Amino acid sequence: MTFLGVAPKGALAVPALPALATAGTIGHHDVVRLFLILAIMLLAAKLAGELFHRLGQPVVLGELLAGTLLGASVLGVIPVGAGDPLTGVIGLLAEIGVVILLFEVGLGTDLPDLFRVGPAAAAVALVGVAL
């Protein structure tokens, strides 16, 4: 398996990224469309985050709801079709976004609170897995 034309050495073999595999088929129109989609996503996330903040809810909840609304399930603004040249790029950005989201959640975690509720949370998780 190669990554950007270089065969990996050692135990970690990284497959080629889908965005890089389709990068040659993206034209000027697609780049403009990508930036338009990103602008819509950013605006929707900020507006929904502000609304949820004013309602006393976590901002990230509003941002996640905005992403769900813009996705293929509801409005279909975000391209996910196999024939769309932006699908690979959007997929790569989505994976990076998940990592950043989890990092942000981790930064907001208070360890003493986590240890305090840990046994109860573990019990709920085990019951959830068992069901």
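Ala, Val, Leu, Ile, Met, Phe, Trp, Tyr, Cys and Pro count here as nonpolar, Asp, Glu, Lys and Arg as charged, and the others, Gly among them, as polar. Keep that in mind for the pocket below. The model is predicted, so local features need pLDDT of at least 70 and side-chain atom pairs count only at pLDDT 80 or more, while totals for chains, interfaces and linings use all residues. Residues are numbered from 1 along each chain as its sequence is written, and side-chain values use heavy atoms, with hydrogens and water left out.

Let's start with the overall build. The protein has 5 helices and 0 strands (DSSP runs numbered from the N terminus: H or I of at least four residues for helices, E of at least two for strands). Of its 131 residues, 14% count as buried, meaning under 20% relative accessible area with a 1.4 Å probe, protein chains only. Take the contacts (heavy atoms within 4.5 Å) between residues at least 6 apart in sequence: 42% of them join residues at least 24 apart.

Now for the largest pocket, which holds about 930 Å³ of space. On a 1 Å grid over the protein atoms alone, a pocket is an open set of points where a 1.4 Å probe fits, with protein on both sides within 12 Å along at least five of seven lines; lining residues have an atom within 4 Å of a point. The volume is the space filled by probe spheres set on the points, which are joined across faces, edges and corners. Its lining runs to 23 residues, with Met41, Glu63, Leu93, Gly97 and Val98 nearest the centre. Helices α2 (28-54), α3 (59-70) and α4 (87-107) each give at least two lining residues, and α4 has the largest share, with 10. By type, the lining splits into 16 nonpolar, 4 polar and 3 charged residues.

Next, look at Leu86, in the loop between α3 and α4. Leu86 counts as buried because its relative accessible area is 0%. Setting aside residues up to four places away in sequence, Leu86 touches Ile26, Asp30, Arg33, Leu34, Ile37 and Pro79. Leu86 and Val31 are 55 residues apart in sequence, yet their C-alpha atoms are 8.5 Å apart in space.

Leu86 also belongs to the largest nonpolar core, together with Leu34, Ile37, Leu70, Ile78, Val89 and Ile90. Such a core is a set of buried Ala, Val, Leu, Ile, Met, Phe, Trp, Tyr and Cys residues joined through side-chain atoms within 4.5 Å.

Definitions and conventions
Buried means under 20% relative accessible area, exposed over 50%, partly exposed in between (1.4 Å probe, protein chains only).
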